[in-house]
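Have the sequence and the 3D view ready as you read.

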Amino acid sequence: MREKSLWIPPLLGILAVFGASIAVFAQGAAIARTPPMGWNSWNHFGCHITDAIVRQQAKAMSTNGMTAAGYRYVNIDDCWEGKRDADGFIHPNLKFPDMKALAEYVHSLGLKLGIYSSPGPKTCGGYEGSYGHEQQDANTYATWGVDYLKYDLCSYMDIMKLHDAHHDPQKALAMMKQAYSKMHQALVATHRSIVYSLCEYGVGSVWEWGPEVGGNVWRTTDDISDSYRSMALIGFSQAGLEKYAGPGHWNDPDMLEVGNGGMAPDQYRTQMSLWATLAAPLIAGNDLTGMDDTTKGILMNTEVITVDQDRLGLQGHRVGPPQIWAKPLSGGAVAVALFNFVTDDEAEPLTFRFKDIGFSGPVHVRDLWAHQDLGVLRSSYTVTVPQGGVVMLRLWK
């Protein structure tokens, strides 16, 4: 078997760039100081979500170890909305008889409640959006006790004429920014701390302007699906966006698919590792009431979660071919993830040199999935990564 030697550029010079980015994000970082962690209803339940299901998921999160691991948000996606009354106030549909009572139940478990809307007249599922009712809806959410808003572009694309061949892209971008800013100002006016998640699929390079419209989280890609191809294309495409992330403002490559059944365990470990390296929100999308031990072990690997939640707030970046990523951590440590994105060929050994990630001399190395210290190593590390899998390490002097 031929050994592959991987070149990885030094990290030390990159830290100054990250430091400058963090300074830009200092204002408004009180909300989502680290990437939000929680659960969202869409990936598994879609429009079949109900009050009872949300309560079941919240109860499971509070008792199965997820809360102890850092998961907090229980987020209702689309299809909760009912009709507006004569005064224009939104009401939930019959599947959600009392949204305030639901929020109180979630809060009683030590968790937070999230909700969903759109800047357009309709949501993706055809329910009532917030167009023309932004402050009313923000006030309603605050009255209910909502802690997180996912704001999905959906029908507002028609207002922007985004799919019109003759549309003015700059005008469309200005309209989108204005719409997202309008809801941000409405949320601020409620005086309630609400995480603001911009869901517009990366349109208009949102990472460049997300903070200025109040975004704490912004989607960088189209929707993910429960397949290795979708996950890998989305996750690895985040290379180059690291300078736009920092405390209070995070790139979001969409939700975790771990436990939904479309990928092998090694592939789910790849998603969990890559999302943690990216300092991405860790929003589970499976049924939390029926997880097997493998799924629990992936979603609740606290060593990997610690990488995601590191207080330094730096998004990791790709540092060498084919897919070797590194994330500087607090205290001078570095997380390194070695991915084998090939699924149809025999795995070959990979080698990386410690000096190429800023270390000289002996280095402590720990395998975060094996939960095993590998000892003090001198100059490099060689490992054969499973097909579609990952080896994730923490290195420190």
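**Helices side by side, and a space inside**

Helices α9 and α10 are roughly parallel to each other, because their crossing angle of roughly 20° falls under 35 degrees. Keep in mind that this is a predicted model. To find the pair, look for residues 228-236, which form α9, and residues 265-277, which form α10; their axes come within 11 Å. As for handedness, α9 passes α10 in a left-handed crossing.

Now zoom in on where these two touch. On the α9 side you'll find Y228, M231, I234, G235 and F236, and they meet Q267, T270, Q271, L274 and W275 of α10. Sorted by class, the residues of this contact come out as six nonpolar and four polar, with no charged ones.

Next, move to α3 (residues 51-63) and α5 (residues 99-108). Their axes come within 10 Å and cross at roughly 10°, so these two helices are roughly parallel to each other as well. From α3, the contact draws on D51, V54, R55, A58 and K59, while α5 brings A101, L102, Y105 and V106.

How do α6 and α8 lie relative to each other, parallel or oblique? Helix α6 covers residues 134-144 and helix α8 covers residues 169-189; they pack at an angle of about 40°, with their axes 8 Å apart. That makes the pair oblique, therefore, rather than roughly parallel. This crossing is right-handed. E134, Q135 and A138 are the α6 residues in the contact, and they meet K182, M183, Q185, A186, L187 and A189 of α8. Five of the contact residues are nonpolar, two are polar and two are charged.

Rolling a probe the size of a water molecule over the atoms shows where empty space is left. How many cavities of 30 Å³ or more does a search of the whole structure find? The search turns up one, and the largest cavity holds about 110 Å³ of space.

Which residues line the largest cavity? They are N40, N75, Y148, K150, S197, C199, R219, D252, D254, M255 and I283. Strands β7 (148-152) and β8 (195-199) each supply at least two residues of that lining.

Notes. Residues numbered from 1 in each chain as written. Predicted model: local features only at pLDDT ≥ 70, side-chain atom pairs only at ≥ 80, totals over all residues. Heavy atoms only, no water. 1 Å grid on protein atoms, 1.4 Å probe; cavity = no way out; pocket = protein on both sides within 12 Å on 5 of 7 lines; lining within 4 Å. Points joined across faces, edges and corners; volume = space filled by probe spheres on them. Helix = DSSP H or I, 4+ residues; strand = E, 2+ residues; numbered from the N terminus. Axes fitted to C-alpha atoms, helices over the stretch in contact; angles between N-to-C directions. Parallel < 35°, antiparallel > 145°, perpendicular 65-115°, else oblique. Contact = heavy atoms within 4.5 Å. Left-handed = near helix turned anticlockwise from the far one by under 90°. Nonpolar A, V, L, I, M, F, W, Y, C, P; charged D, E, K, R; others polar.
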